[in-house]
Amino acid sequence: MILLRLIASLTLTILVVSPATAQLVSSVPEITAFDTPDDAGGSITVTWPPADHVPPATVYRIYLAESSAGPFHLAAEIDAGTSFQSEDTAVFGFAEENANRHFAHVKSYAGDNGESSTDMVTGRPYFVRLVVRSPSGELRGAVTTAVEAEQNYFKWSKLNNFLLGTVFSIIIMLSIALARRRELYIRRIPGLEAMDEALGRATEMGRAVLFIHGLRDMAQIPTIAAVNILSRVARRTADFDAKLRVTNVDPIVMSVSQETVKEAYLEAGRPDAFNPDDVFVVATDQFSYAAAVQGIMLRERPAAHIMMGGFFAEALLFAETGAQTGAIQIAGTDSYTQLPFFITTCDYTLMGEELYAASAYLSREPRLLGSLKGQDIGKAIFLVVLIAGVVLATLDVSFLSQAFTAR
Amino acid sequence: MIFLRRTFPLILAFVVGVIGILVFYVPHSVAQALERDLAKWFMIIAAFAYFLGLYSLMTLHWTRVRARQPGWGYSLVAYLSFAVMVVFIVYNDGHGPFHAQAEAGGYQWLYLNVYVPCTSSMFSILAFFIASAAYRTFRARSPEAALLLLAGLIVMLGRVPIGAYISDVIPDAAQWLMAVPNMAAKRGILLGVSLGAIATSLRIIFGIERAYLGGGEE
């Protein structure tokens, strides 16, 4: 019985092939089908080598069925000469042979009427068949064993990211632990050293200090760093009895800033000096915010402007207007597109990570300083890897650059 | 009270921070659904927070009007503008506020013909500010300033047709300056910022950094 079925399938294979195709594509490549990795299920991946003697306009068709006997439904159509494994390094990596294997990620197949689409079901077994179709006919391959789409629990393509993050986190935590035992040297950051000078100047002139938040919301790191700096600035203005005005574009940032300034004034023993109306939202839109802050600068003439956070095009509007009023300006941002504007118009600028380091620098708290040391160790490691990677890449050795490639 | 003001927020920051890291590496549908829910909760909180922002804005302008502070007339304009927009949103070309805003309604007209030109005008002021900042900054007082001036000149000329008219080398030099030293500096800053972000995130997740809660680290 089995022998009869084999003879029948071979005969069927031969009958659908016209003499013209038989001379060109002699056999259907053997396919490999498996669950697509690093996903939430509902997808399988099929790979196969190119067929022999592929004529122009040849396509590969992937068919799926829930039973080995069929019916098979069209799931994907790949033109010959396209869709190689080397195009998807996240799944297949960087092996050289990837340039010689086709692939298809299959998530659905045509319905019974040929028009609608049916999604694959996670956990259900499917049988896969490859068909080579050329202008002169088509060649059907063997049916694979059953393959199931599964939900995965870890993105293995992000393993290098996970390991690097873990290593750096351990370095930072160890540095924090080490900082409690010995004093750490932190280089001088002029912008932060000048904070007291700016606040003192405002106190002597009897004018306000204007703290300007960036456009990012409270979930962003630069805004959190800015609030940390605001806490220190508020404590100083409470000590110096200077007026502090804080402008915000985001209501949540405003709420956090109000609480931060209030606590700082409480700590300084000056709860009476705190006015919640001095921490306010001027606008919730970029250029409305810019116009409002410029107006405050020109009308109220604060003696010091402290601009901290994530900024965009409004950065130059703030800084240039402030420069024209003669105020001392200290800016800090991680937005590298705005750094040149701040550097050219402000008296002091905190560049990138200096903004994040401000809280540790101003408080001098050992645990915070330890995290800065951990960052420096991480940068030293990056420096070594960069130099080694450049040398190896020049020598056409690519394993190091591949290891650090985001997939 | 200390638990609600200090301990509970720290626990919450730790739990949500760890979840946020884990869902990045876990593709399972449960993790992805949790990530989507967290994002929705954040948007809901942000939407409620807008009422706080509105109250703050209205209070700010009312204080100015009441005290007749310099520029209080503009605060009246802010109130009037707010009232006019609310009227048009509620009227919505006769459909009421619970339908999508009408394409030909007053709100859309005000947005396209008043608000957008105003923001465009603010954006365009940048051109003049760049010129005034450049005039003040680009003076060759030191070797570094001279180098900055030369590089700025090459890049500006390389971006306009007259640069190519003067010499074919200028556009190529401008392209090289942007693609090599500028890109290297940008990447260096990004590397430092990324490591700083990791360190800051760890400090917040593990409760080492607490200034954002208000007050000191205690």
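This is a predicted model: local features need pLDDT of at least 70, side-chain atom pairs count only at pLDDT 80 or more; totals for chains, interfaces and linings use all residues.
# Reading two chains and their interface

Trainee: How many residue pairs are in polar contact between chain A and chain B?

Mentor: A polar contact is a pair of N or O atoms within 3.5 Å; within protein, one must be able to donate a hydrogen and the other to accept it, and residues adjacent in sequence count only if both atoms are side-chain atoms. Between chain A and chain B the count is 12 residue pairs, both partners at pLDDT 80 or more. The residues of chain A on the side that touches chain B divide into 38 nonpolar, 20 polar and 20 charged, where Ala, Val, Leu, Ile, Met, Phe, Trp, Tyr, Cys and Pro count as nonpolar, Asp, Glu, Lys and Arg as charged, and the others, Gly among them, as polar.

Trainee: What area do chain A and chain B bury between them?

Mentor: The size of an interface is often given as the accessible area lost when the parts come together. Here 78 residues of chain A are in contact with 58 residues of chain B, contact meaning heavy atoms within 4.5 Å. The two chains bury about 5800 Å² between them, 68% of it on carbon and sulfur atoms, an area taken with a 1.4 Å probe and summed over both parts. On the side of chain A, the residues that lose the most area to chain B are A:Phe287, A:Tyr336 and A:Tyr356, which together account for 10% of what that side buries.

Trainee: Which domains does the assignment give for chain B?

Mentor: It gives domain 1 (1-69), domain 2 (70-137) and domain 3 (140-208), with bounds that come from an automatic or database domain assignment. The C-alpha centres of domain 1 of chain B and domain 3 of chain B lie 35 Å apart, yet six residues of domain 1 are in contact with four residues of domain 3. These two domains of chain B bury about 340 Å² between them, 82% of it on carbon and sulfur atoms. In domain 1, B:Leu10, B:Ala13 and B:Phe14 lose the most area to domain 3, together 73% of what that side buries. The residues of domain 1 on that side divide into five nonpolar, one polar and no charged.

Trainee: How many helices and strands does chain B have?

Mentor: Chain B has eight helices and zero strands; helices (H or I, at least four residues) and strands (E, at least two) are DSSP runs, numbered from the N terminus. The radius of gyration of chain B is 26 Å, well over the 17 Å that the globule rule gives for 218 residues, so chain B is more spread out than a compact globule. That radius is taken over C-alpha atoms, and the rule is 2.2 Å times the number of residues to the power 0.38. Chain A, by comparison, comes to 13 helices and 16 strands. With a radius of 32 Å, well over the 22 Å that the rule gives for 407 residues, chain A is also more spread out than a compact globule, and its C-alpha atoms fill a box of roughly 100 × 50 × 35 Å along the principal axes.

Trainee: Where is A:Pro71 found?

Mentor: A:Pro71 is found in the loop between strand 3 and strand 4 of chain A, and the peptide bond from A:Gly70 to A:Pro71 is cis, with omega near 0°.

Methods: Residues are numbered from 1 along each chain as its sequence is written. Chains are lettered from A and ligands numbered from 1 in the order in which they are written. Side-chain values use heavy atoms; hydrogens and water are left out.
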